[in-house]
Amino acid sequence: MCWPVAHQLNYLIGLKPLELNNLSSQPPDNGADIAPECIGSIIVTSFGRVISVRGSLARVGLLATSNMPVSEVRATVGRFVSIRCASSIIVAMITEVSCENLSSTSDDFIAIASVDLLGEILNANDKPKFQRGVTHYPTIGDAVELISSQELRTIYAPSGSDQINVGMLQQDRSVVAYVDVEEMLSKHFAILGSTGVGKSTGVSLLLNEILKARPNLRLFLLDVHNEYGRCFGDKALVLNPRNLKLPFWLFNFEEIVDVLFGGRPGVPEELDILAEVIPLAKGVYTQYQNADRVSLKRTDPKHVGYTVDTPVPYRLQDLVSLIDERMGKLENRSSRIIYHKLISRIDTVKNDPRYAFMFDNANVGGDTMAEVISHLFRLPANGRPMTVMQLAGFPVEVVDSVVSVLCRMAFDFGLWSDGVSPLLFICEEAHRYASADRNIGFGPTRKAISRIAKEGRKYGVFLGLVTQRPAELDPTIISQCNTLFSMRLANERDQTLLRSAVSDAAANLLSFVPSLGTREVLAFGEGVALPTRLRFKEVPPHQLPRAETSIAGSPSAASGQDAHFVSAVLERWRGATSSRDNTGDSGFASPQRLEPRAPEPRTVEAPMLQPSLGLDPDRFSLLKKPLR
């Protein structure tokens, strides 16, 4: 009597390939004898056969027996299967299972499955090796089997030291999911997911693994909600408005206008004045720098050749003096109002304590560009290759312009240094800075991020985007990301954009996106071997992102919110606009309080780039030339 076919399949699916060869000598677990006439049916482990092939798609008929429901074979959507061909094993993924229209097929089938052909396993030097794409297509009648754990390990086996362990496959928890760091970074990546699905934890996991695999890579993270400050331990420098030094003269014309006008459109008459006097103020500062150098002839500021966007220092005192000088030459009293308003606007912003990170020592100082860039982008790293820029404490009106400066400087430094020191720039809540709607957000910020996305890889500047609303992100920018990690997305527009960004072979996986669990991810693109449903591994408690919402000295939640609690909140609230905490680890000396007027101009030599930066000091001088 034959062993029932359903039991044969259940028995065989759990066997290793070597056990299949010796099956005729092994009795089943229950000790029943296997009739000789059934040996052939036992050795064939297929649960289906190929019935049609079209391009990269095939249809498989699932075999029918009286005792074999489809659930026992586990032929569910998203499962990988293998198709045994004469010279290879084709790896395919089930995208649809249906029992409709069975009348046109054999009575042996109880369902029809559609599969995408993704790649194949070949024997290279007696060693199985997986490659994407299919060179030998299946034929009608080829056996289809559930893929084994060993075959999954062959597919996802790390191919070198650039592989990082990010979790395990959802189909088989015993198989580790690896990501190729080189492919992921060099061609940019994006992490997409709604709030509460573990997106921030996934960011912490990926970046910590990248730090391990690439200790010489520098990372710069825009932390919108101040939640990553503790995730990277002593490997990261945490910057915020209390310890940041970002001189106002590093802002180009559009950025400084955005600061002066509080994010509103500038007044055209005032913009014309600024465009005229800023290059002159830079020329005046150059005269101060050269005043003590006898060998250098004093030049007219008009002939220095600076533009409004040249990143060289100038003083606000000189800028205001030049505006005042032009105002004094006007006879029409009504025309002077425009100059008065502009001077008042500059003084208001300069004296606002919230902007002290830009305007401290606005009238006294030197060319600190080398020092600022070295500090921001960790050159040299000194054991801390990562910068976490906490944006939550910045004035809302200038966040966009600050992000624009940081993105632009990251790209320009990579450009002028010929990419000798690679940098990964991670932009959290990217849709806020590079919106698909051109009427929303700050144009220069979108332009700076777009430039990194399009050209950054040539100059060693790589981009990582993190967003919960990919439909609101500029599609040109997200299309440059060749590795996507998609977590749960409930919005239909977000799913539509994601569907347009992945290949046809992977598009069928997107039906899982609305129902993914916490920490579950669909990974697509160059960084993974196949479009994969995986689960991020657990992150140690000290690497979990958490918002810094605690108030120093406030009572615990258990004791309630009393008057002392409210007072602590108000003190912190008022302190944000009236004083600065200069105790942060910024790497700079504590800044001096801003004086209304500097007594006399002070000549400060531009610091030279130290040899420890690993760059040619002569090459660094390019930063003093007009940027193109």
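A contact, as the word is used here, means heavy atoms within 4.5 Å. This is a predicted model, in which local features need pLDDT of at least 70 and side-chain atom pairs count only at pLDDT 80 or more, while totals for chains, interfaces and linings use all residues. Residues are numbered from 1 along each chain as its sequence is written, and side-chain values use heavy atoms, with hydrogens and water left out.

On that basis, leucine 376 touches Phe220, Leu239, Leu244, Leu246, Thr387, Met389, Leu406 and Met409, residues up to four places away in sequence not being counted. Leu376 and Leu246 are the residues with the most contacts inside the largest nonpolar core, which has 145 residues; such a core is a set of buried Ala, Val, Leu, Ile, Met, Phe, Trp, Tyr and Cys residues joined through side-chain atoms within 4.5 Å, where buried means under 20% relative accessible area, exposed over 50% and partly exposed in between (1.4 Å probe, protein chains only). Helix H14 (residues 399-416) supplies the largest share of this core, 12 residues, helices (H or I, at least four residues) and strands (E, at least two) being DSSP runs numbered from the N terminus. Apart from it lies another core of 18 residues, including Val81 and Ala113.

Turning to the sheet, 11 strands form an open arrangement in the order E9-E8-E18-E17-E16-E10-E15-E14-E11-E13-E12, with mixed pairing; two strands pair if DSSP finds at least two bridges between them. Strands E9 (176-180) and E12 (236-239) stand at the edges, each with a single partner strand, so one side of each is left without a neighbour in the sheet. Within the sheet, strand E17 (residues 520-525) and strand E18 (residues 532-536) pair in the antiparallel sense over four bridges, and leucine 522 has arginine 533 in E18 as its bridge partner.

The whole structure holds seven aromatic pairs, for which rings of Phe, Tyr and Trp (its six-membered ring) must have centres within 6.5 Å, planes under 30 degrees apart counting as stacked, over 60 as edge-to-face and the rest as tilted. Phenylalanine 248 and phenylalanine 359 form a stacked pair, 5.4 Å centre to centre with 20° between the planes, and both residues are buried. The rings of phenylalanine 485 and phenylalanine 536 have centres 6.4 Å apart and planes at 45°, so this pair is tilted; phenylalanine 485 lies in strand E16 (residues 483-486) and phenylalanine 536 in strand E18, 51 residues apart.
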